[in-house]
Amino acid sequence: MSKEKTYFEPADLANFGNITEWQGPMGKKFFDYYNEVMKEGALTAREKALIALAVSHAMQCPYCIDAYTSGCLQAGADEEQMMEAVHVAATMKAGITLVYSTQMMKHAKKMTM
Amino acid sequence: MSIHQRTKSLASRGDELADTFFQLQVLNGKERVDIKFPSFASKAAEAGHAPLLPSRIEIFQVNIGKLCNQTCSHCHVDAGPDKKVENMDRNALEKCLEILSAYDIPTVDITGGAPEMNPHFKWFVEECRKLGKTVIDRCNLTIIRSNPKYHSLPEWFAENQVQIVSSLPYFSKTRTDAQRGDGVFEDSIEALRRLNAVGYGREGSGLLLDLVYNPSGAFLPGAQAGLEKEFKSQLKRKYDIDFNRLFAITNMPISRFLEYLLESDNYEDYMTQLVNAFNPATVASVMCRNTISVSWDGYLYDCDFNQMLDLKVSTSESNHISNFDYKLLSDRNIVLNQHCYGCTAGAGSSCGGEVA
């Protein structure tokens, strides 16, 4: 039986580093930047992993969700903190949608008596 | 929680993973799984350690017995309340004391099971202290609360200046109980309070209380310094508990943790994480280089993990406390297998936490 094909293969994440094969300098710059940003700094590694987990959900990236679920657990975050981070992403998305309604309201008010 | 609590050891359940040879077959891709990883020995060789040699024996680690009041899901010893036979007797402990008095091995590291359940535990510790040895007790904390005869352990530990190293996988109940059993978290917190009350972990007391963090699942520990900071702040804020150091220890893919990895379909991913995180810089500092591990029946091993896989030291003329030969042991080749990736992943792992 042939292997079922999907757009997202979990194993592909391990090949992320190979993007430098087709464009070395840009890929390297990205990874250097990434590694610098994700280092422990003014924010702890746990805080950065939680932010990355929230962004992963907001951007709906399955690779990132796997990677940063592991990353958060590794950095010592617990399930409650991780779910709260996702709620922050969710509420931001909801808010970003809702805030556009001011445009809708303004436009509707202009057009109606 | 994904880790299921066990009420009995692998041995008493008759599980084939209780057979150490079977575990090695799994680790080498010959049983249960069809995946092979590069040999650890070849990785160590690439890092300049072919063979891996000891430095100096500084730690005499005695696994005094497998009897324990807990049956933790990740236990590499397969310890538990049903392990009533595999416990060190007085003669073997006397032989250990002879070795300790004959050689300049500064630290005695006592582990188990719950070491305090061995009837000769207090006597052995007191004798080690008379020899001027630093004594570490790997205490599971809940033993202090388990029975009135253990309630005064904190005072006795303090009188004998015993260093305490205790497991606390997380500063919350869910994560701790998932790994170590229902009710373990509350009992551990109460035991830590009692240890603090006699001075352990408090600044200026000279009484060391270190905690061990093992991940409660199929992931590697994060950076030790960050975890220690978080544990210190959370335990202080929530429970007014102080401790000295946090040791982040990687779970070894053996015994009950291996069972968990296989049952939860995490084995391949976990081993891949360990292998990919191999850090050549850790090899020079792995604990087997300065440790001799002694089993309840007196055999000698390079570490507690080799002990649990029944991989005895390579020196067959000196592989038991009855034929202990310091010179031969100092010149031995350390026995390696695939589980050794657990000690060299990331910042490395040992009984004292990170090594690099």
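A disulfide here is a pair of cysteine sulfur atoms within 2.5 Å. By that rule, the count over all chains is zero. The model is predicted: local features need pLDDT of at least 70, side-chain atom pairs count only at pLDDT 80 or more, and totals for chains, interfaces and linings use all residues. Residues are numbered from 1 along each chain as its sequence is written, chains are lettered from A in the order in which they are written, and side-chain values use heavy atoms, without hydrogens and water.

**Cysteines.** Select B:Cys128. Its closest cysteine sulfur is in B:Cys96, 8.2 Å away and too far for a bond. B:Cys128 is buried, at 0% relative accessibility (buried is under 20% relative accessible area, exposed over 50%, partly exposed in between; 1.4 Å probe, protein chains only). Jump to A:Cys61: at 18%, this residue also counts as buried.

**Helix α9 of chain B.** Select residues 184-197. Helices are DSSP runs of H or I, at least four residues, numbered from the N terminus. The 14 residues should span 20 Å at 1.5 Å a residue, and the end C-alpha atoms are 20 Å apart, which agrees. The expected span is 1.5 Å times one less than the number of residues. Now color the buried residues of α9(B), among them B:Val184, B:Phe185, B:Ile189 and B:Leu192.

**Last stop.** Select A:Tyr34, in helix α1 (residues 24-38) of chain A. A:Tyr34 is partly exposed, at 33% relative accessible area.

Terms used
Helices (H or I, at least four residues) and strands (E, at least two) are DSSP runs, numbered from the N terminus.
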